[in-house]
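Hi everyone, thanks for making time this morning. I'd like to walk you through one structure, going from strands to core to charged pairs. Please have a look at it before I start talking.

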Amino acid sequence: MSETQRKLTTIFAADVQDYTRMMGEDEEGTLAMLKHYRDAMSRLIASHGGRVINTWGDGLLADFPSVVEAVRAAIDVQNELAGKNAARPTDGRMLFRIGINLGDVIVEGEDIYGDGVNIAARLQASAPAGGIVISNTVYDQVRNKVAVGFDFLGPLEMKNVSDAVPSYAVRIGDISPEPRKPAAAPERSLETPASKPGPALRPRGRLRKLGGILALIGAVLIFINIVTWEGEFWAVWPLLAFAFVAAMIWVRRQDRFDQRVAALAVSGVGIVAINMLTWHGTFWAIWPLLGLSVAAGIRWAMRD
């Protein structure tokens, strides 16, 4: 008998959207397409250091020693399959959903089991067709290392998992981040496992709304300043505060730059602005800027 062990690994789960309908319309054509697409998926998984563990029906389960490479493999898979689907009619396209989780699993021989696998399957079932959904454990590892955006979907309640799992949609192409409500399914099947997605939060929409509110308040303050003019443009101070708040919110939402370095840069711009608006012939901002530069340099040098 093979020895049972545990390991921390990145689990990659995938299946086909509307596979049952496609099989009902054309069994042989659907099976041939599934094999062709799954061969491409297996090749890309292997190229990123992953290992296909199991395939059944329309499902595929793989694991990766690297979280970053698992996400890169999923992006490459969806991009390559999107290219293949582009040449097909809309109702004849085969769209995969992918879920990725970093978790502790039980290893028996070549197979893996446990909550880590179940969570990946639930994430996959919550992904839109052609999309990718990852757990917060994956997001924490890749958010500054993969050149894509992420949309927070909120905590997903999962069957047989005690705590809701915060999850993120990977922003690729025109795929909507809206999570899909999966249908009920048998315990062992990863085709359509049951899950109850939490409310989808839309960070970009909220940021635009907040920006609009701040802009409106700023316009009102400028109008009040003008109609009560006494020789001083005092509205510049609340406007500067609004700009600083908006910039810091953007820093927390963006994933192109290191968030701490970006926050230090925004703080530096704010200090320079204050120095210019209170100018008395001395550029005193040079000293806090020097301190912020040293802090940013240390952060940059110590990044992963």
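Predicted model: local features only at pLDDT ≥ 70, side-chain atom pairs only at ≥ 80, totals over all residues.

Residues are numbered from 1 along each chain as its sequence is written, and side-chain values use heavy atoms, with hydrogens and water left out.

Let's start with the strands. Helices (H or I, at least four residues) and strands (E, at least two) are DSSP runs, numbered from the N terminus, and two strands pair if DSSP finds at least two bridges between them. Which strands does S1 pair with? Strand S1, residues 4-16, runs antiparallel to strand S4, residues 96-108, with 13 bridges between them. S1 also pairs with strand S3, residues 59-64, again in the antiparallel sense, over five bridges. To pick out some positions, Arg6 has Ile106 as its bridge partner in S4, and Phe12 stands opposite Ala62 in S3.

Phe12 takes us on to the core. A nonpolar core here is a set of buried Ala, Val, Leu, Ile, Met, Phe, Trp, Tyr and Cys residues joined through side-chain atoms within 4.5 Å. The largest one has 41 residues, and those touching the most other members are Phe12, Met41, Phe96, Ile100, Ile132, Ile134 and Val142. Helix H3, residues 67-86, gives this core its largest share, nine residues. If you zoom in on Val142, what does it touch? Counting contacts as heavy atoms within 4.5 Å, Val142 touches Val67, Val68, Val71, Ile134 and Phe150, leaving aside residues up to four places away in sequence. Another core, of 10 residues, lies apart from the largest one and includes Leu123, Leu153, Leu156 and Met158.

Now the charged pairs. I'm calling it a salt bridge when a side-chain nitrogen of Lys or Arg is within 4 Å of a carboxyl oxygen of Asp or Glu. How many are there in the whole structure? The search finds 10 salt bridges. One of them joins Asp104 and Arg6, with the closest N and O atoms 2.6 Å apart. Asp104 lies in strand S4 and Arg6 in strand S1, so this pair ties together parts that are 98 residues apart in sequence. Arg6 counts as exposed, at 54% relative accessibility, whereas Asp104 is partly exposed at 37%.

Here is Asp39 again: its side chain meets that of Lys35 in a salt bridge, 3.2 Å from N to O. Both lie in helix H2, residues 27-47, four residues apart, about one turn of the helix. Lys35 is exposed, at 55% relative accessibility.

My last pair is Asp151 with Arg171, whose closest N and O atoms are 3.2 Å apart. Asp151 sits in strand S7, residues 149-158, and Arg171 in strand S8, residues 165-171, so the pair ties together parts 20 residues apart in sequence. Is Asp151 buried or exposed? Asp151 is buried, because its relative accessible area is 4%, while Arg171 is partly exposed at 29%.

Finally, Lys7, Arg51, Asp63 and Glu110 are linked in a network of salt bridges.

Terms used:
Buried < 20%, exposed > 50% of the residue type's maximum accessible area, 1.4 Å probe, protein only.
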